[in-house]
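Please keep the sequence and the 3D view open as you read.

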Amino acid sequence: MDFLRDRIRAAGLGFYETGMTALDAYFGLKNPDISFLLVEGGIVNLARLADNLRFPGLPYADASVPEGNSLIYITCAESLREAERHAFTRLDIFRDPVSRRYHDPYGVYPSLRTQQLEARPASPEQALFEAAVLVSRQECVLPEGYCPPSPASVQPAWQRDLLQLILTGNHPERGLELLKSSGFIEAHWPDLARLSDVDHAKDMHPEGDGWAHTLETMRYRKLPDLRLSLALLLHDTGKARASNVEGRKFDRHAEIGAGMARRFLARLGFEPALVDDVAFLIRYHMMPAALPRLPLNRVDGIIDDPRFPMLLELYKCDELSCFRGPEGYYEACAAYRTYLRNVKNPYREADGRLLAKTFL
């Protein structure tokens, strides 16, 4: 529910959707749980409307307000003209959510129509954020040979927003590759950078090294779900720290990767519940492959976890990225459906065995 928007409207303050929120609406895309608003008026007026107002100190927001599972970033300006100096992105448009009309203070409609982006003056922090998010969320094309530089220092919240906006786009692999080319990933997310050093056997992973495999998994998501996408991004990071034990090249990499994911996501400020879910998916991402052959006592407490269907989805993306086909995924789904049927059957054990008859 749009409580903050309703309060702003009731107070008689003008406001616009801006940044990626307006661009997503323009291109007909679903917004992630991050919204960007421009409010005409000072921060004092805004403080009267939101008891939980926060001041994140980010370059694209004067304040933020949590609303349910979403986060609203707000820029304040005395007028629309004044707002032009505080735009979230150099490719910005403003959208009136009531009339659904757009304002174009930068004259960017030609670029939006053709989706051929022009490089405009901006700080490294702003340029990289904009370019990586746009190529991930829209069918935008950057100028040939253009790669924004990596900023030397950025806040964890900036990194979290960047990652969330990229991963909830339709083409996260484009934004991630741009971050890598810019040097950002090596400088700020070294555990991800080490995926390029993970050498896969060609018969198991013809798509390439650990980084190439990770990007390939993103192409097989049904929906750009944040939890699934974070798990895909981080599911093999443990391979870079795993050892070869008795012929197992990446021994315990799932357990190692789950711990690494917890630390990485917590550092960026993701919610603990989301961190727990991603760590679960990474910790058990190897299990679905063996599910049809595992005894029930080996999967007890995992197969009946409400996150197990998403674990199967991760397994599907992992398998298809290796060009192995969906057969293993179908077998795992069949085993899971059999388990669910048996659990509901009052005459069978969870593993399918008939219950012993009881006589009174």
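Predicted model: local features only at pLDDT ≥ 70, side-chain atom pairs only at ≥ 80, totals over all residues.

## A nonpolar surface patch

Ile43, Val44 and Phe55 make up a nonpolar patch on the surface, and together they have about 290 Å² of accessible area. Of these residues, Val44 belongs to helix H3, which covers residues 43–49.

## Two crossing helices

Next, have a look at helix H7 (residues 156–167) and helix H13 (residues 253–268), whose axes come within 7 Å and cross at roughly 110°.

On the H7 side, the contact is made by Pro156, Ala157, Gln159, Arg160 and Leu163, which meet Phe264, Arg267 and Leu268 of H13. Sorted by class, this contact has 5 nonpolar, 1 polar and 2 charged residues.

## Salt bridges

Side chains of opposite charge can pair when their charged atoms come close. The structure has 19 salt bridges.

One of them joins the side chains of Asp24 and Arg137, at 2.7 Å from N to O. Asp24 sits in helix H2 (residues 19–27) and Arg137 in helix H6 (residues 124–137), so this pair ties together parts that lie 113 residues apart in sequence.

Technical notes. Residues numbered from 1 in each chain as written. Heavy atoms only, no water. Patch = residues over 30% accessible without salt bridge, like charges linked within 9 Å, V, L, I, M, F, W, Y side chains within 5 Å. Areas by Shrake-Rupley, 256 points an atom, 1.4 Å probe, with all protein chains shown as cover. Salt bridge = Lys/Arg side-chain N within 4 Å of Asp/Glu carboxyl O. Helix = DSSP H or I, 4+ residues; strand = E, 2+ residues; numbered from the N terminus. Axes fitted to C-alpha atoms, helices over the stretch in contact; angles between N-to-C directions. Contact = heavy atoms within 4.5 Å. Nonpolar A, V, L, I, M, F, W, Y, C, P; charged D, E, K, R; others polar.
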